[in-house]
Amino acid sequence: MSESKICIKLVVHDLNDPESVICPMIFNLDDMVKLRRLGVCGILAGTLPFAAQQNIFLTIPLKLMVEETIWLVLNGYAELQLIQGPMTSLMTNILETKGDELFKLARDKLLRSFDLQRQYKKEQHALKLQKLGIDPARDNSSANNKLIESSLFVETPNDSLTLQYCHQGKSPIDPTLDSMLLNLLISNYSNWNNYLLYQSLKSQNYVMSPGGRFGGLFIAYPGDPLRYHSHLTIDNALDYYNDPIDFISLTSGARLGTAVKKLWVIGGVKDENSSTNKANDIQLNQPETLLTKRNDTSFFSIEWAGFG
Amino acid sequence: MADVGNITGKKSVKKPSKKSRNKTHKDNNITNELSNDNDDLIQQAADSDLEDDALGQDWSEIAKLNKKNAQLIIPKRGEKDYEPDGTNIQELLLYRAREAMFDALSNSARGGIVKNEVKAVYIPNKHSALVLNPKGTFLQTMGNVDNDDNFWLNFNEFLYLAERGTVIPYCLKLTSTSTDKLYEDDNLLPLGIEDIYAFFKTQHEMDQFSVFAHLKRLGFVVNRISAKDTTYYSNLKQNFLKSATHSVFKQITSLFISQKTNMFNALFYNPLHFKFIKYTSTPQIYRKLKHLIPHAWVPKNLYQLQDSKREFINQKSKGNFLELTYNVWKPQTNYKKKNTNLPDYQVLVYNKNDNKQHFPTNDDLKHIFASLNYKFEFLDEVDDEFEWDKHSYINGVSRSVVLKQTQKKKTNLSKPNIQSKPVKNQSKKFRPPSTTSHAKQMRRLKNGYRSFLLAVMDNGIISFLKISEADLGSEDVWYVPTTQSKIKKTQYQYKKRQSPKSNTTTDGTGKLV
């Protein structure tokens, strides 16, 4: 079971320095497929090598929102893989012990790919010659082989060869570490109330993606964004009993929502103790405390009526 | 107070067109999607909705592309449905869309062939990469050579080029071997993209990289801002006496200016006022009213710019202000890495979700505006023949002089160097055709003066905002009837020809503030 979990990479150089916490990413395509099925999309951010001059179609790394990451971990779909820096010492440690082994691995992989390519190219060449009516057995010039050698493809892989070793000798799941990392992420990039909004919408089968462009926290899709338009812009979570709703933000949010064909949604967590609770750290041993809170959220949608 | 008037939401920096035919075709696609310059806010919002849909694009088209024609077309986004209705056909379509997407992702091999392989070795303690056999077009705009003739890529360039497959990334297996064997093949361990991302030291650094890569993919030349950059401000060694007298002078005048408005207000609101002055026309009233509007002073020409820069340097305020990140140049053939011309844009990177960062405050903005150092586009408007090379300085020497000197060194080269001309042509090409005073005024009101781009990072989605200094108070926006009888006559005739109902607001300029 634990093997099929999605692996979220989290680079933290110094656990005491919040600046060095880098947002969670995914580098594995199979993991991405699993995420899609769960209705978590993330944002692709890397250059797509064969269409490198555009920004619409991108490739790995897949950047995940903090709320997505927490939801995946709390529900047991994913595990956090901490890559703890400083990277220079981490890398030298790994390379000193495993350097030769890794080198051999990389070299073997490269040679194997070269062999396959050579074979493929020779077959293609032979087919071409056959079409022209030349006996391929006779054509065995060294020049041809040289050409093939120089046109072999060297690939840069998505995943890392070395970093898989930085976890050896550690227990696979360490709840206290995980909860500490999640708290670190939340305190850096969001807050727990925002997460509860996410969780509540997720339980209603919405797919969320970042909504800064629409003046909100998320935009919500009714299904996979590949096939469906988004319907909602969700604003940052309100403190349900205390926060005022600003009239100007109300009109601007609703007005913008009309123009982009989205409802403007505000929501809050209806927990009278929330102001005292939200700063508290969560413990992963009792994820129920967070998971059961999904009924405590309340949403309001605001629409420009365009009446009269 | 610095007036921050125009905050224009821009989805993306417009991509300037290139020469090659294939590429212009592609450009058309992009600019069609991006052309939202003159639209109002609602239109922009609607536009960005379209781009939102680009988040879930139609990957089936790009999956069909192979290496040969990938440069030709960027596929349009596909059709979408309103919401899932549980039918099989929707399931099938979704399945196909996902299939296409993951096919495209897994079939996009990154790298190069052995013959053209460029090896870049990451050196951890320098946080940059050494290129063993530098070759390729990227040399024109990226990297730098140190005193030992080693070619270095900074970390942004290294990762960007590795992602494209232009360089193959390596690290050293053993750092302690003898120097002649250090960069042998047997000591080079290939890196994956994941490894390189793990070398980012802070989230902010990664956000900056994302913006860098985004702009590079659009074809811009991007470099980090440094103190050694070419500047429009010549006096590196400041004359203390001059600056001192200047500041004293400035203080006196500013005192006078603030007093003047107060005095004027007192006079204006005094009922006796109307006993002395008779108002016979509307513009007369407007002109008087204008004095009542307080507005910030913004530099509008090169001398005022240099003045404000001098002031800024003198009173370089303490405190931690946000600093601009990148210089950005439009794609150009005569870009010189050593003696750059002034950039076309300057960019500040800001992560919206980072709780430790904040949107630029008023003080931040003042600081940023004062430290701006680019081809101020509003100067081009004042003077069509503005030559930036003469007005930009490298180490206190005018750039045109520096270029001449370097050219002299290269006299062996037979071809005469055609420089600065293409730039001029370019600037002419992008000028909108209408140059009536009214159009110019509208442009001033809309675009403002000094400006910079704010790249807002939201979990991997980048939005660009243009923030510019505005001066709305000093523009006369009302309609002024011309006093010359000749023109009056023609206008009268013109009105006659029009239908009688267009009476008071016929002229487009009849707009009041």
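This is a predicted model: local features need pLDDT of at least 70, side-chain atom pairs count only at pLDDT 80 or more; totals for chains, interfaces and linings use all residues.
Let's start in a loop: Lys261(A) is found between helix 7 (247–259) and strand 11 (263–269) of chain A. The phi angle of Lys261(A) is near 60 degrees, a positive value in a residue other than glycine. Is Lys261(A) buried, exposed or partly exposed? Lys261(A) has 14 other C-beta atoms within 10 Å, so this residue is partly exposed.

Asp149(B) lies in the loop between strand 5 and strand 6 of chain B. Its phi is near 65 degrees, again a positive value in a residue other than glycine. Asp149(B) counts as exposed because it has 6 C-beta neighbours inside 10 Å. Here are the two side by side:

| Residue | Phi | C-beta atoms within 10 Å |
|---|---|---|
| Lys261(A) | Lys261(A): near 60 degrees | Lys261(A): 14 other C-beta atoms |
| Asp149(B) | Asp149(B): near 65 degrees | Asp149(B): 6 C-beta neighbours |

One more backbone detail belongs to chain A. A cis peptide bond, with omega of about 5 degrees, joins Ile60(A) and Pro61(A). You can find Pro61(A) in strand 4 (residues 59–63) of chain A.

**Chain B as a whole**

Now step back and look at chain B. It has 18 helices and 15 strands. Of its 513 residues, 27% count as buried. Take the contacts in chain B between residues at least 6 apart in sequence: 67% of these join residues at least 24 apart.

**A sheet and the helix across it**

Six strands of chain B form an open sheet in the order 5-6-4-3-7-8, and their pairing is mixed. Strand 5 (144–145) and strand 8 (188–190) of chain B are its edge strands, each pairing on one side only. Strand 5 of chain B pairs with strand 6 (residues 151–154) of chain B in the antiparallel sense, over two bridges. Within this pair, Asn144(B) stands opposite Trp152(B) of strand 6.

Which strands does helix 5 of chain B lie across? They are strand 3 (119–123), strand 4 (128–131), strand 6 and strand 7 (168–172) of chain B, and the helix runs at about 85 degrees to strand 6 of chain B.

Helix 5 (residues 155–164) of chain B also packs with helix 8 (residues 203–217) of chain B, at an angle of about 55 degrees and with the axes 10 Å apart. The two helices are therefore oblique to each other. Their crossing is right-handed. From helix 5 of chain B come Asn156(B), Leu159(B) and Tyr160(B), which meet Phe209(B), Phe212(B), Ala213(B) and Lys216(B) in helix 8 of chain B. By type, the residues of this contact are five nonpolar, one polar and one charged.

**Where the chains meet**

Finally, how many residues does each chain bring to the contact between chain A and chain B? Chain A gives 79 residues and chain B gives 82. On the side of chain A, the largest share, eight residues, comes from helix 3 (residues 87–132) of chain A. The residues on that side of chain A divide into 44 nonpolar, 24 polar and 11 charged.

Strands link the two chains as well. Strand 6 (residues 153–155) of chain A and strand 2 (residues 111–113) of chain B run antiparallel and are joined by three bridges. One of the residues to look for is Glu155(A), whose bridge partner in strand 2 of chain B is Gly111(B).

How values were computed. Residues are numbered from 1 along each chain as its sequence is written. Chains are lettered from A and ligands numbered from 1 in the order in which they are written. Axes are lines fitted to C-alpha atoms, for helices over the stretch in contact, and angles run from 0 to 180 degrees between N-to-C directions. Helices (H or I, at least four residues) and strands (E, at least two) are DSSP runs, numbered from the N terminus. Angles under 35 degrees count as roughly parallel, over 145 as roughly antiparallel, 65 to 115 as roughly perpendicular and the rest as oblique. A crossing is left-handed if the near helix is turned anticlockwise from the far one by less than a right angle, and right-handed if clockwise. Two residues are in contact if their C-beta atoms, placed from the backbone, lie within 7 Å. Ala, Val, Leu, Ile, Met, Phe, Trp, Tyr, Cys and Pro count as nonpolar, Asp, Glu, Lys and Arg as charged, and the others, Gly among them, as polar. A residue is buried if 20 or more other C-beta atoms lie within 10 Å of its own, exposed if 12 or fewer, and partly exposed in between; C-beta atoms are placed from the backbone. Two strands pair if DSSP finds at least two bridges between them.
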